[in-house]
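Hi,

Here is the structure I promised to pass on.

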Amino acid sequence: MSTPPVAPPDSQAVQGGGVVLVVDDETRILSAVRRSLRREGYEILTAETPVEALAILEARSVDVILSDHKMPGMNGLEFLALAALRRPEAARLLITGWTAEVPARDLTALGIRALLAKPWDDAELKAAVRSALTR
Amino acid sequence: MTQSEPVVHVLIAQAEHAAGPLAQTAAILGRLGADVQVAGVQSAAACLERVRAGGIDLVVLDLGLGSEARELLSALRGVGPPVVAVTPEPGGDVVRDAFLLGAAECVIAGPEYGRVLPVVVLEQIRRWRALLERGAVEQRLRRLEDLNDAIVRAIPAALAVLGPDARVLAVNPEFTRVFAVDAARAAGASLEEILPAGLLPRERLLGLLREATVREVELRVSTLDPGRGAAARSFDVRLARLDDDGRLLLVLWDVTEAEQLNRRLAELKRYNENIIQNMNSALLVVDREGRIAFANPTAQGILRGKLAELRGRSIWEWLSDTPRGRELLERTLREGVRFRGAETVITHPSGQVVPIGISCAPLQGANGRRIGAVAIFQDLSEIKELQRHVSQTERMASIGQLAAGVAHEINNPMGFIHANLCQMAEYLADLRRLWERVGELQTAIATGRSDQIRAQAEKLAALSAEVDSDFVFADFAKALRESQEGSERIRHIVQDLRQFSRNDSGDRVLADVRECLDTTANIVGTMMKHTVVLRKDYEELPRIRCYPMQLKQVFMNLLVNAFQAIQERVGSSGETGEIHLETRRRPGGIAVVVSDSGIGIPPENLPRIFDPFFTTKEVGIGMGLGLSTSFSIVQRHGGALRVESQPGVGSRFEVFLPLTSDDTAPQPVA
């Protein structure tokens with residue numbers, strides 16, 4: 001098994017790859033994720049509601065979708081299922097404060113690449129997004 | 001004749017043309033006195049008619065009426081009043097015929113007529129009277145005999161008259177029915193022949209029979225087996241001497257039903273006694289003055305005394321320090337009011353207090369008058385302890401429910417604070433590198449060499465551009481600000497949460513109920529903000545003396561219930577529901593109203609929602625104690641918890657809390 005070539009985490013090089021859509025009803029989270037991924041060279045889009053996020057997906061293609069789980073209206077799993085219908089090629093990641101709440105069965109069924117715990121580890125987040133982009 | 005004797009009516013039947021002494025008949029009899037009324041008729045037919053009309057005690061008949069007179073005598077014979085025949089002729093045939101035809105006496109109208117007739121008439125009247133009297137006595141006797149016969153026939157006891165030789169002289173119908181013998185066969189038979197052979201108490205009965213010739217005996221109950229397939233029956237057996245001829249009356253009174261009834265009564269009594277003696281509840285009977293008449297063992301245990309020691313003592317000795325308990329029981333005694341499930345305490349002379357739950361009902365005597373009260377009570381010590389424990393558990397369970405919501409709320413700020421910290425560390429590293437360059441520039445400036453200064457300045461500018469220093473400074477400040485705000489949020493949540501893991505200790509304190517409601521709404525609100533729009537409509541409230549933590553728990557229970565009711569209604573449809581919080585001033589108190597637009601409560605569940613452990617929620621979601629705990633908390637405050645609900649529309653809970661005299665008193669300086 002060959003490991004995909006990944007840039008070292010402290011790489012200062014701005015990489016030219018990837019559009020990442022971050023969905024969370026908490027704006028502070030959006031701004032923190034944006035900070036975490038600042039040096040990764042992605043184009044970062046944010047949405048405060050699943051509905052807003054779906055509108056973005058209608059309009060353009062993205063490479064990675066990183067969604068919160070507990071959101072008003074619909075939860076992360078439901079949103080990612082709808083997102084997959086629009087952009088099946090986009091890698092989907094779920095982030096939640098209550099990982100036990102999300103059955104592993106559902107993750108596999110929905111083709112979710114990774115489940116991240118909130119609060120997240122910066123390095124882990126970066127690695128997960130990078131890994132999602134190389135597939 | 002005495003005054004009390006009735007007037008005697010004498011009827012004279014005489015031809016109009018009577019002559020001689022006979023013509024004096026009416027005059028002679030008229031002299032007998034006012035008590036003798038004399039009337040006259042001139043024909044036998046008139047006489048008969050008059051006699052049949054009644055009221056005639058004696059007829060004086062003139063045989064001179066000829067053949068009519070003879071017919072009249074025959075007609076009156078045996079049915080009418082006595083007839084005294086009078087005749088002027090002393091001829092033997094006439095007199096003999098008159099006697100033969102039924103005349104009671106015959107008087108010849110000779111020279112002595114005026115003297116003889118009154119004597120004869122008076123004698124006849126006396127006899128007639130005596131005869132009438134004897135007839136009445138005989139009639140009375142006959143009636144008495146008829147009555148006796150009826151009694152003997154109808155009495156539900158088997159009777160037999162026995163001769164001295166124990167032979168049966170007569171039996172009544174009941175006897176023939178019970179022992180299946182006919183009266184004809186029974187008469188003359190010996191008792192041994194009639195009573196079934198092998199009958200166990202027969203010997204005893206015969207023994208009694210021998211005894212009975214000396215004195216009257218009675219055998220309380222004897223089970224006789226009538227044999228012939230009939231079921232055994234019980235009898236009261238009695239033997240009585242009837243007369244000096246040695247005749248005996250045997251009375252067999254069937255007491256089988258009475259015996260069964262007695263047995264059933266005894267069983268019932270034993271059964272009731274068993275229950276009363278062994279029931280876990282204390283049972284107490286007091287008279288109208290509250291003196292103990294009865295206490296079952298459980299009551300004896302709680303009151304700490306044996307029945308003999310307790311009886312007659314006043315229940316107020318134990319209830320005196322408990323106004324509510326005393327008040328209720330007094331109302332039962334005075335007004336006959338029933339109440340159930342009241343909570344009060346029993347105070348022992350030692351000062352020890354036992355919490356009890358008590359129900360009272362008036363006790364009525366046979367005439368329906370109130371003679372006291374029955375009280376049933378339970379020692380609630382253990383239950384109270386358990387309740388304390390359970391309500392603590394319940395609170396913990398509610399907190400567990402909250403935890404998921406709260407964790408999410410804490411996780412979000414923790415998430416971005418954590419990420420921001422990492423980022424700020426990176427920013428600091430960038431800024432340190434920049435700062436190093438600044439140091440190098442300062443060193444160059446110190447040399448005064450412009451080329452070196454320029455080179456260092458360029459390097460600084462390049463690094464500044466590389467790290468995007470303007471952005472870093474601005475974003476550092478922003479990240480710091482956001483993190484501070486996040487940590488502030490966490491601090492609040494933890495503060496609110498902490499209040500629910502505390503118990504109220506000691507006395508009531510003056511508190512602002514709005515504040516209690518708001519703190520609770522804040523913490524519960526975080527977990528339901530996606531599903532629920534919380535509307536607040538607060539009216540200014542006076543501070544009241546209360547247990548604030550307990551009230552917060554009530555509000556939390558109501559809010560969590562409202563939230564769950566909405567969740568059940570909207571499911572995952574993405575719709576939201578509404579919870580409306582109101583505070584209101586009410587006459588004599590304040591009210592907190594929590595209404596929701598949830599699924600509502602079915603009418604059949606409404607009466608039970610305050611019962612402990614009543615829940616319609618899945619296992620694991622609460623123990624069904626939320627509302628019952630809330631109810632008892634509100635009750636402890638002397639308030640009321642009311643509910644209105646309509647399935648599909650929503651529910652409305654109103655907590656009413658009364659103002660106490662303490663609340664209006666000047667508030668102490670804190």
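Before anything else, keep in mind that this is a predicted model.

I'll start with a pair of helices in chain A. A:Pro50, A:Ala53, A:Leu54, A:Leu57 and A:Glu58 in H2(A) meet A:Phe79, A:Leu82, A:Ala83 and A:Arg86 in H3(A). Sorted by class, that contact has seven nonpolar residues, two charged ones and no polar ones. H2(A) covers residues 50-59 and H3(A) residues 76-86; the two pack at an angle of about 10 degrees, with their axes 10 Å apart. Angles under 35 degrees count as roughly parallel, and H2(A) and H3(A) are therefore roughly parallel to each other.

Now for where the chains touch: 18 residues of chain A are in contact with 19 residues of chain B. On the chain A side, helix H1 (residues 27-36) gives the largest share, seven residues. That side of chain A has eight nonpolar, six charged and four polar residues.

Chain B has an open sheet of five strands, paired in parallel, in the order S2-S1-S3-S4-S5. S2 (36-41) and S5 (105-108) of chain B are at the edges with a single partner strand each, so one side of each has no neighbour in the sheet. From one strand to the next, the twist averages 20 degrees. Further in, S1 (residues 8-13) and S3 (residues 58-62) of chain B are joined by four bridges, and B:Ala13 has B:Leu61 in S3(B) as its bridge partner.

Two helices to look at on that sheet:
- H2 (residues 44-52) of chain B lies across S1, S2 and S3 of chain B, at about 160 degrees to S1(B).
- H5 (residues 113-154) of chain B touches S1, S3, S4 and S5 of chain B, and its direction makes about 170 degrees with that of S5(B).

Cheers

Notes. Residues numbered from 1 in each chain as written. Chains lettered and ligands numbered in written order. Predicted model: local features only at pLDDT ≥ 70, side-chain atom pairs only at ≥ 80, totals over all residues. Contact = placed C-beta atoms within 7 Å. Nonpolar A, V, L, I, M, F, W, Y, C, P; charged D, E, K, R; others polar. Axes fitted to C-alpha atoms, helices over the stretch in contact; angles between N-to-C directions. Parallel < 35°, antiparallel > 145°, perpendicular 65-115°, else oblique. Pairing = 2+ DSSP bridges.
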